[in-house]
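Look at the sequence and the structure first, then read on.

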Amino acid sequence: MKSVTLKVEGLRCNGCADKVRSRLAAQTGVKTTDVSFDQAQARILYDPQATDEGQLVDVIQELGYRVVDRTSS
């Protein structure tokens, strides 16, 4: 398992964060996800054999938000 924290611009409310959380959680390989409107970030634990950071960023950006930074661990 790998984890990544993505800094997300454009989250305007907790509803926005819930929408991103829901879409990420539905992705193959995503184990857990925590999206915070207050911190403007998404923390994701995922299986790197099933998905990758680029695909997770794409999911967020397809919803109309912008990923401006990422930290992997």
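Two strands are said to pair if DSSP finds at least two bridges between them. The model shown here is predicted. In it, Val30 has Tyr46, a residue of strand 3, as its bridge partner. Strand 2 and strand 3 pair over 6 bridges, in the antiparallel sense.

**The sheet and the helices**

These two strands belong to an open sheet of 4 strands, in which the order is 2-3-1-4 and the pairing is antiparallel. Strand 2 and strand 4 (66-72) are the edge strands, and each of them pairs on one side only. On average, neighbouring strands of the sheet are turned by 20° against each other, direction ignored.

Two helices lie across strands of the sheet. Helix 1 lies across strand 2 and strand 3, and runs at about 170° to strand 2. Helix 2 lies across strand 1, strand 2, strand 3 and strand 4, and its angle to strand 4 is about 150°.

In soluble globular proteins, nonpolar side chains tend to be buried together. The largest nonpolar core of this model has 20 residues, of which Leu6, Val20, Leu24, Ile44, Ile60 and Tyr65 touch the most other members. At least two residues of this core come from each of strand 1 (2-9), helix 1 (14-25), strand 2 (30-36), strand 3 (41-46) and helix 2 (53-62). Which residues does Val20 touch, not counting residues up to four places away in sequence? They are Leu11, Val35, Ile60, Leu63 and Tyr65.

Gln41 is located in strand 3. Its relative accessible area is 16%, so Gln41 counts as buried, because the cut-off for buried is under 20%. Beyond its neighbours within four places in sequence, Gln41 is in contact with Thr5, Leu6, Lys7, Val8, Leu11, Asp34, Val35 and Ser36.

Ser72 is part of strand 4. Its relative accessibility is 40%, and therefore Ser72 counts as partly exposed. Leaving aside neighbours within four places in sequence, Ser72 is in contact with Ser3, Val4 and Glu53. Ser72 and Val59 are 13 residues apart along the chain, and their C-alpha atoms are separated by 17 Å.

Both residues make a polar contact through their side chains, as the table shows.

| Side chain | Partner side chain | Polar contact |
|---|---|---|
| Gln41 | Gln39 | 2.9 Å |
| Ser72 | Glu53 | 2.3 Å |

Conventions: Residues numbered from 1 in each chain as written. Predicted model: local features only at pLDDT ≥ 70, side-chain atom pairs only at ≥ 80, totals over all residues. Heavy atoms only, no water. Core = buried A, V, L, I, M, F, W, Y, C linked by side-chain atoms within 4.5 Å. Buried < 20%, exposed > 50% of the residue type's maximum accessible area, 1.4 Å probe, protein only. Contact = heavy atoms within 4.5 Å. Axes fitted to C-alpha atoms, helices over the stretch in contact; angles between N-to-C directions. Polar contact = N/O pair within 3.5 Å; in protein donor to acceptor, adjacent residues only side chain to side chain.
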